Amino acid sequence: MDIEIDAGNTRLKWRLRDESGVSATSVASTPSDIAKAIASRAVSGGVADSHTPIGRVRIASVRSPDALADFVAECRDLFSLDPQVARVVQGHAGVTIRYPDPSRLGVDRWLAMLAANAASSKACLVVDCGTALTVDKLNALGEHCGGYILPGLALMRRSLEENTRIRLDAGFQLGGSGLGHSTDEAVYHGSLAAAVALIVSTLEDASAGGSECELLVTGGGAVELMPHLLSRGAKLVPDLVLEGLSLAF
């Protein structure tokens with residue numbers, strides 16, 4: 001049984017996987033939380049067999065080198081295994097990277113594209129909405145055509161609070177995306193509208209001339225985007241990065 005961990009900037013997403021497929025998936029704050037969840041079988045999406053030995057620990061991380069080293073050491077101590085850490089590899093699993101230095105591409109973006117390329121024979125627009133919002137285009141040949149990186153929805157809103165006199169209501173309930181009739185609405189709707197507009201315009205460019213392009217959306221903020229992208233054929237793929245992690249070695 002393998003433990004696959006997507007170590008993002010603000011949370012861990014993890015799952016248990018073996019030859020028969022995924023047996024459990026959840027989120028956590030620390031590796032010790034994962035170990036406790038496995039031991040107690042307190043996982044969502046299924047019940048893990050706590051007596052099945054862990055064969056491998058695989059990690060995708062966007063954290064700093066020092067933070068990653070600490071994370072790997074903690075996993076090694078908890079699971080008595082040397083974790084495998086995903087690294088960007090040019091041409092792996094049929095994905096060609098256009099960056100002059102492929103190592104500069106975020107591993108989370110790369111893994112999402114590996115999974116998208118494996119899942120579809122068409123061109124794909126891959127949107128990952130987390131702390132950052134990333135939008136990447138893959139053509140039907142698996143070539144990365146480039147992408148965008150901008151602050152995620154929560155980070156956009158927080159940056160306004162930190163750099164202006166705006167103070168948002170923590171209990172605000174998002175109910176639309178039109179012109180705001182309060183500061184909260186203006187900020188929440190404006191950040192959402194900006195993200196959706198970028199995604200839609202990029203999708204339209206990718207689909208110009210009748211070309212087929214699938215829209216795949218993942219990340220913690222995806223649920224906020226999806227109602228505004230369903231008319232564009234968007235597919236929510238919550239475990240896209242973890243699916244790519246399974247293909248990375």
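Guide: Happy to. Let's start with Asp108, whose place is in helix 3. This is a predicted model, where local features need pLDDT of at least 70 and side-chain atom pairs count only at pLDDT 80 or more, while totals for chains, interfaces and linings use all residues. Residues are numbered from 1 along each chain as its sequence is written, and side-chain values use heavy atoms, with hydrogens and water left out.

Visitor: What makes something a helix or a strand here?

Guide: Both are DSSP runs numbered from the N terminus: helices are H or I with at least four residues, strands are E with at least two.

Visitor: How do you know that the length of helix 3 agrees with what it should be?

Guide: The expected span is 1.5 Å times one less than the number of residues. Helix 3 (residues 107-119) has 13 residues, so it should span 18 Å, and its end C-alpha atoms are 18 Å apart, which agrees.

Visitor: Which annotation covers Asp108, and what does Asp108 touch?

Guide: The unreviewed UniProt entry puts "active site" on Asp108. UniProt positions are given in the numbering used here, with feature names shortened, and annotations may be inferred rather than shown by experiment. Contact means heavy atoms within 4.5 Å. Not counting residues up to four places away in sequence, Asp108 touches Val62, Asp128 and Val241.

Visitor: Tell me about Asp128, then. Why is Asp128 called buried?

Guide: Its relative accessible area is 13%, so Asp128 counts as buried. Asp128 lies in strand 6, and the unreviewed UniProt entry gives it the annotation "binding site". Beyond residues up to four places away in sequence, Asp128 touches Asp108, Leu133, Thr134, Thr218, Gly219 and Val241.

Visitor: What makes a group of residues a nonpolar core?

Guide: It's a set of buried Ala, Val, Leu, Ile, Met, Phe, Trp, Tyr and Cys residues joined through side-chain atoms within 4.5 Å. The largest one has 24 residues, and Val127, Ile199, Leu215, Val217, Leu225 and Leu229 touch the most other members. Helix 5 gives the most to this core, with 8 residues. Apart from it lies another core, of 23 residues, with Ala112, Leu114, Leu216 and Val241 among them.

Visitor: Is Leu216 buried or exposed, and how do you know?

Guide: Leu216 comes out at 6% relative accessibility, so it counts as buried. Leu216 sits in strand 9. Leaving aside neighbours within four places in sequence, its contacts include Ala116, Cys124 and Val237. Leu216 and Leu240 are 24 residues apart in sequence, yet 8.7 Å apart in space, C-alpha to C-alpha.

Visitor: Why is Thr202 called buried?

Guide: Thr202 has a relative accessible area of 14%, so the word is "buried". Thr202 belongs to helix 5 and is in contact with Leu125, Val135 and Tyr148, leaving aside neighbours within four places in sequence.

Visitor: Why is Ser80 called exposed, while Ala93 is called partly exposed?

Guide: Ser80 has a relative accessible area of 64%, so it is exposed. Ala93 stands at 42%, so it counts as partly exposed. Ser80 lies in the loop between helix 2 (65-79) and strand 5 (84-85), and Ala93 lies in the loop between strand 5 and helix 3. Ser80 has a positive phi, near 55 degrees, in a residue other than glycine. Ala93 has a positive phi of about 55 degrees, and it is not a glycine.

Visitor: How do you know where the domains are?

Guide: Their bounds come from an automatic or database domain assignment, giving domain 1 (1-83) and domain 2 (89-245). Their C-alpha centres lie 25 Å apart, and the contact takes 16 residues from domain 1 and 11 residues from domain 2.

Visitor: What does the area buried between domain 1 and domain 2 refer to?

Guide: Buried area is the accessible area (1.4 Å probe) that two parts lose on being put together, summed over both. Between domain 1 and domain 2 that is about 1,000 Å², of which carbon and sulfur atoms give 57%.

Note on methods: Buried means under 20% relative accessible area, exposed over 50%, partly exposed in between (1.4 Å probe, protein chains only).
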